[in-house]
Amino acid sequence: MILHELIDYSTLRLIWWVLLGVLLIGFAVTDGFDLGVGALLPFVGRTDIERRVAINTIGPVWEGNQVWLVLGGGAIFAAWPQLYAVSFSGFYLAMFLVLASLILRPVGFKYRGKRDDPRWRSTWDWALFTGGFVPALIFGVAVGNVIQGVPFRLTEEYGIRYEGSFFGLLNPFALLCGLLSVSMLVMHGGAWLSLKAGGVVAVRGRRYGSVAALAAIALFALCGLLVAFVLDGYRITSPIDPSGPSAPLLKTVTRDGARWIANYAAYPWMISAPILGFIGLVGAFLGLRAGREISTLLFSKLANFGIISTVGLSIFPFLLPSSLDPRSSLTVWDSSSSHLTLFIMLVATVIFLPIILAYTAWVYHVLWGKVDEASVTRSHDSY
């Protein structure tokens with residue numbers, strides 16, 4: 001027996017679908033609070049020293065947290081090449097906007113303190129705000145478009161024909177999902193400031209974070225109602241072999257108004273995802289109002305897990321539905337890399353992912369403790 005055949009193709013596809021979700025959730029629960037703190041920066045810091053406190057809560061860890069985004073993009077490229085090709089070409093301008101915004105973060109951290117000039121520092125503070133707010137919004141907008149279906153089609157030779165536009169992505173439901181993403185990550189940033197910051201910055205973080213938590217609860221419920229009763233879903237209407245070739249055009253797909261909630265009837269355990277999302281949001285809100293720290297951050301992470309899992313479970317087995325030609329929709333079963341490729345990647349993941357997790361845990365252990373005005377003023381290494 002060839003080694004990679006120890007795990008059958010369909011199981012490997014399912015494993016990599018789960019791992020993709022793990023990487024996206026890992027990005028949200030780690031770098032998500034970095035984005036949230038950036039979006040909160042003009043509001044929690046009203047003086048230079050207060051903004052420095054907020055910045056120094058994320059300054060030592062944001063680069064390590066961003067590894068999860070790189071891993072997620074790499075996983076899509078290697079495990080789901082058709083998904084990578086369609087999404088990164090169709091969402092090209094949106095991705096460019098996200099990358100440009102993320103580039104502002106290291107530049108802002110690097111150059112903010114180079115001059116002791118209020119206008120200079122204010123400019124870089126707004127750059128850091130942009131680097132937090134814009135990616136949070138665009139990521140949510142992208143998810144909203146995935147739920148509705150993306151305007152692309154595959155030719156018979158599997159060439160990609162994307163027929164949408166950047167402004168077409170900014171439709172009402174997608175913007176609603178974008179606002180949900182922003183509110184979720186702002187809440188997460190507020191929970192992080194409650195834990196890591198001292199003084200008035202932590203107080204304001206809790207205040208704005210609790211408002212964001214309430215907004216996230218309302219937006220999550222509204223998005224769920226729209227998905228259940230207004231938006232069309234997609235349904236595979238032909239037999240599909242989970243171990244078959246990566247050839248999306250071999251199946252037939254139709255629009256189905258109730259399809260995105262059908263998985264919850266077929267697999268009742270999936271309802272745990274939105275339930276955990278709401279539990280996390282409510283727990284984070286109550287914790288922020290009560291001034292609790294560790295439990296609040298854990299509830300915030302639970303909310304991220306529940307909301308992202310809800311999306312993945314709702315549209316399963318679809319990865320990227322096509323609104324122009326439903327038959328071109330990409331699914332877990334027909335758009336992956338080869339059996340051997342998925343197996344080799346799984347072996348590498350089993351080896352290196354625990355190392356990344358261990359190193360990340362060690363870094364957070366070393367950097368444990370609050371950041372306040374006195375510690376920022378005293379340290380020559382602070383931003």
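I looked up the accessibility of R204 and found 8% relative accessibility, so R204 counts as buried. The cut-offs I used: buried is under 20% relative accessible area, exposed is over 50%, and partly exposed is in between (1.4 Å probe, protein chains only). This is a predicted model, where local features need pLDDT of at least 70, side-chain atom pairs count only at pLDDT 80 or more, and totals for chains, interfaces and linings use all residues. Residues are numbered from 1 along each chain as its sequence is written, and side-chain values use heavy atoms, with hydrogens and water left out.

**Salt bridges**

I searched the whole structure and got twelve salt bridges. My criterion was a side-chain nitrogen of Lys or Arg within 4 Å of a carboxyl oxygen of Asp or Glu.

I started with R204 and E50, whose closest N and O atoms are 2.6 Å apart in a salt bridge. This pair links distant parts of the chain: R204 sits in helix α10 (residues 200–229) and E50 in helix α2 (residues 48–58), 154 residues apart. Helices (H or I, at least four residues) and strands (E, at least two) are DSSP runs, numbered from the N terminus. E50 is buried because its relative accessible area is 10%.

I then listed what E50 touches, not counting residues up to four places away in sequence: V44, G45, V200, V201, R204 and E373. Contact here means heavy atoms within 4.5 Å.

Next I checked E156 and R327, whose side chains meet in a salt bridge at 3.2 Å, N to O. Both partners are in loops, E156 between β1 (152–154) and β2 (160–162), R327 between β5 (318–320) and β6 (330–331), and they are 171 residues apart. Is E156 buried or exposed? E156 is exposed, at 57% relative accessible area. R327 is partly exposed, at 28%.

D232 and R255 form a salt bridge at 4.0 Å, N to O. D232 lies in the loop between α10 and β3 (233–236), R255 in strand β4 (residues 253–256), 23 residues apart. D232 has a relative accessible area of 35%, so I logged it as partly exposed. R255 also came out partly exposed, at 38%.

I also traced shared partners. Salt bridges join D48, R51, R112, R121 and D125 into one network.

**Nonpolar core**

I looked for the largest nonpolar core and found 103 residues in it. I define such a core as a set of buried Ala, Val, Leu, Ile, Met, Phe, Trp, Tyr and Cys residues joined through side-chain atoms within 4.5 Å. W16, W80, L83, M187, W192, L193 and L320 touch the most other members. Helix α1 (residues 9–44) gives the largest share of this core, 15 residues. In soluble globular proteins, nonpolar side chains tend to be buried together.

I took W80 for a closer look. Leaving out residues up to four places away in sequence, its contacts include R13, W16, W17, L20, A75, L319 and V332. T331, S335, S336 and S337 are also among them.

**Backbone**

Which residues does a cis peptide bond join? I found F316 and P317, with omega about 5°. P317 is in the loop between α13 (294–315) and β5.

I noted Y158 for a positive phi of about 65°, although it is not a glycine. Y158 is in the loop between β1 and β2. At 31% relative accessibility, Y158 counts as partly exposed.
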